[in-house]
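Visitor: Please take a close look at one part of this structure, the aromatic rings and what surrounds them.

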Amino acid sequence: MANVRERSLDTNTFSSDIYAEEQPDDGTVDPSEVPLLLFLVPGIRTDKLWAHHLRGATKVWPQRKIEVKIAGSDRISSAHLIFRVGLQAFRSEIKNQVIDTSQKFPDHKISFICHSMGSSLFSEIVSEVHASPDPTKEGSTIGSRIENILFLGSICKRSKSREMSMSCATFVNDVGTKDILPWVASTVNPFKYNDVGRFGFGNSYTTDRFFKNNHKSCTSEEHLTEHALPFLSGGYMSEPVPPRTSIHLTRYTYLRRVIWASPIVYFLVSHLLF
């Protein structure tokens, strides 16, 4: 049986490929022969059009049988992102949908695609989902069935990367070098968000793939079918573009500090000098 193995990602070129080698049949099951339950966790004010594109693509996907389900709510707004009010209900909704739906597909492995605000919400419940008992298999948990997690346009905290990595087989973050929204979110609330969808996690827990995407094109039909599905269905890591240099991150970090310092400077100048 020909087994597909993934090469380690070269951190200098950010390119990877796969290769096949003949190995004796040891009775193990080829992952591509196991059906996949793919949960999509969308962000704020989404029409979920990208989810429908992805569902259509999986219907004719030859590599693996994939069942696509949307986990989340279309009621999440920019106000929720900024003020962080009422998010517990959305977290519970995502968690319950994942657990309840997983029971209906007991023979399926599980993977996730989380976009924008959806990545932040999912990162806050991933440990609960992973530890939830799997009623279809005695003594097992949902986590034993989780394969891969893919983030798109993410605003997740960098400190969550270890937790995400330990909850799945492979944790991948697709970075958009033209995506400004993660930086905006991290500027508005740096205590809850980081611009990982713009600059990556930058650590060993995560595989950052860099693409010339903005916040919308990272969920385009082209990106999903050429980069997301090949990875989720068979572990194929398509070749991304080289990342931006660290000077861009430094520049945006200084700009963020200027924005946050501006009200303080204005207060000091207006009240102390005049």
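Guide: Rings of Phe, Tyr and Trp (its six-membered ring) pair if their centres lie within 6.5 Å; planes under 30 degrees apart count as stacked, over 60 as edge-to-face and the rest as tilted. This is a predicted model, in which local features need pLDDT of at least 70, side-chain atom pairs count only at pLDDT 80 or more, and totals for chains, interfaces and linings use all residues. Residues are numbered from 1 along each chain as its sequence is written, and side-chain values use heavy atoms, with hydrogens and water left out.

Searching the whole structure gives four aromatic pairs. One of them is Phe 39 with Phe 112, stacked at 5.5 Å centre to centre with 20° between the planes. Phe 39 sits in strand β3 (residues 36–41) and Phe 112 in strand β5 (residues 109–115), 73 residues apart; strands (E, at least two residues) and helices (H or I, at least four) are DSSP runs, numbered from the N terminus. Phe 112 and Phe 122 have ring centres 4.5 Å apart and planes at 35°, so this pair is tilted. Phe 122 belongs to helix α4 (residues 117–123), so the pair ties together parts ten residues apart in sequence. Phe 39, Phe 112 and Phe 122 form one aromatic cluster.

Both Phe 39 and Phe 112 are buried, meaning under 20% relative accessible area, with exposed over 50% and partly exposed in between (1.4 Å probe, protein chains only). Phe 122 is buried too, at 0%. Leaving aside neighbours within four places in sequence, Phe 122 is in contact (heavy atoms within 4.5 Å) with Phe 112, Cys 114, Ile 149 and Met 164.
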